[in-house]
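Please inspect the sequence and the coordinates before reading on.

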Amino acid sequence: MTKGSLYIISGPSGAGKGTVYDEVVARRPSIKKSISVTTRAPREGEIDGIHYYFKTMEEYQEMIAHGEFLETAEVYCNCYGTPKAPVLEMLDKGYDVMFEIDIHGAKNIKKQYPDAIAIFLMTPSFEILEERLRARGTESEDSIRRRLRAAKGELSKYKMFDYIVFNDNKEKAIDEVVSIIDAEKRKIKNNIEEINLILESKKK
Ligand code: 5GP
């Protein structure tokens, strides 16, 4: 059986990562979500254990002390981290795992797993990103400015990513991410066992 692969979706706030992530995972059942831990308060409709594991800062620090994270980062004044055990368990069962994490988390995962496939999701321009952040209506002017500044820094780190998907159209962006995953599945290096099985069966 092919070993599970790791996929990272990263990109600036407002690029539409969450929506793309949900849809891609829904379309490819072999991919499991990594549910992050956060110290930020749940937003309306968010459920503990589904969207995030919501923890107090004290509980979070305890998890750090016990080495329970694969990576952890501070994003806009809150802590976010990827719990290690579920990821290792899912990989062990042969599932692929997908992370929706910030750029620091992406860098950290890539360092530990150089074969992880990192996809950068971006709007076609900073102007469109600004429009989307404003349309969300959840950010203050200050927060919009901060997110736009951060977005410039994030895009300038493009070299650490394997793919870039421009989210000018949600359906197209989802299709493109799914195509990337499907193409990765067909890479020779991910099919060695299957190829050898066919070769072996021919000998008999
Ligand atoms: P939000 O609070 O809007 O759900 O997420 C804020 C940011 O934190 C997003 O950029 C999201 O990708 C990132 N994020 C969510 N979970 C994790 C995680 O486990 N690790 C890291 N490094 N970033 C995360």
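The model is predicted, so local features are reported at pLDDT of at least 70 and side-chain atom pairs only at pLDDT 80 or more, while totals for chains, interfaces and linings use all residues. Residues are numbered from 1 along each chain as its sequence is written, and side-chain values rest on heavy atoms, with hydrogens and water left out.

## The ligand site

The ligand has 15 residues around it, and those that come nearest are Lys17, Arg40, Tyr52, Tyr80 and Glu100. Here a residue is near a molecule or strand if one of its heavy atoms lies within 4 Å of it. By class, the shell holds five nonpolar, four polar and six charged residues. In this classification Ala, Val, Leu, Ile, Met, Phe, Trp, Tyr, Cys and Pro count as nonpolar, Asp, Glu, Lys and Arg as charged, and the others, Gly among them, as polar. Strand S5 (69–75) and strand S6 (78–83) each supply at least two residues of this shell. Helices (H or I, at least four residues) and strands (E, at least two) are DSSP runs, numbered from the N terminus.

| Side chain | Ligand atom | Distance |
|---|---|---|
| Lys17, N or O atom | oxygen | 2.6 Å |
| Arg43, N or O atom | oxygen | 3.0 Å |
| Tyr80, polar atom | oxygen | 2.4 Å |

Taken alone, the ligand exposes 510 Å², and the protein buries 88% of that area. Accessible areas come from the Shrake-Rupley method with a 1.4 Å probe; for residues, only the protein chains shown count as cover.The space taken by the ligand is the largest pocket. On a 1 Å grid over the protein atoms alone, a pocket is an open set of points with protein on both sides within 12 Å along at least five of seven lines, where a cavity is a set of points at which a 1.4 Å probe fits but cannot get out; lining residues have an atom within 4 Å of a point. A molecule sits in a cavity or pocket if more than half of its atoms lie within 2 Å of its grid points.

Arg40 is found in the loop between strand S3 (37–38) and strand S4 (53–54). With a relative accessible area of 8%, Arg40 is buried; buried means under 20%, exposed over 50%, and partly exposed in between (1.4 Å probe, protein chains only). The side chain of Arg40 makes a polar contact of 2.8 Å with that of Glu46 and another, of 3.4 Å, with that of Tyr80.

## The S5–S6 loop and strand S6

Most residues other than glycine have a negative phi. Tyr76, in the loop between S5 and S6, has a positive phi near 45 degrees. Cys77 lies in the loop between S5 and S6 as well, and its phi, also positive, is near 75 degrees. Tyr76 is partly exposed at 24% relative accessible area, whereas Cys77 counts as exposed at 66%.

Within strand S6, Gly81 is buried, with a relative accessible area of 1%. The C-alpha atom of Gly81 is separated by 8.7 Å from that of Ile101, 20 residues apart along the chain. Pro83, also in strand S6, counts as buried at 9% relative accessibility. Between the C-alpha atoms of Pro83 and Glu68, 15 residues apart along the chain, the separation is 5.8 Å.

Asp96 belongs to strand S7 (residues 96–100) and is buried, with a relative accessible area of 2%. Its side chain reaches the backbone nitrogen of Ser5 at 2.7 Å. Arg149, by contrast, is in helix H6 (residues 141–155) and is exposed at 58% relative accessible area. The C-alpha atoms of Arg149 and Ile101, 48 residues apart along the chain, are separated by 18 Å.

Terms used
Polar contact = N/O pair within 3.5 Å; in protein donor to acceptor, adjacent residues only side chain to side chain.
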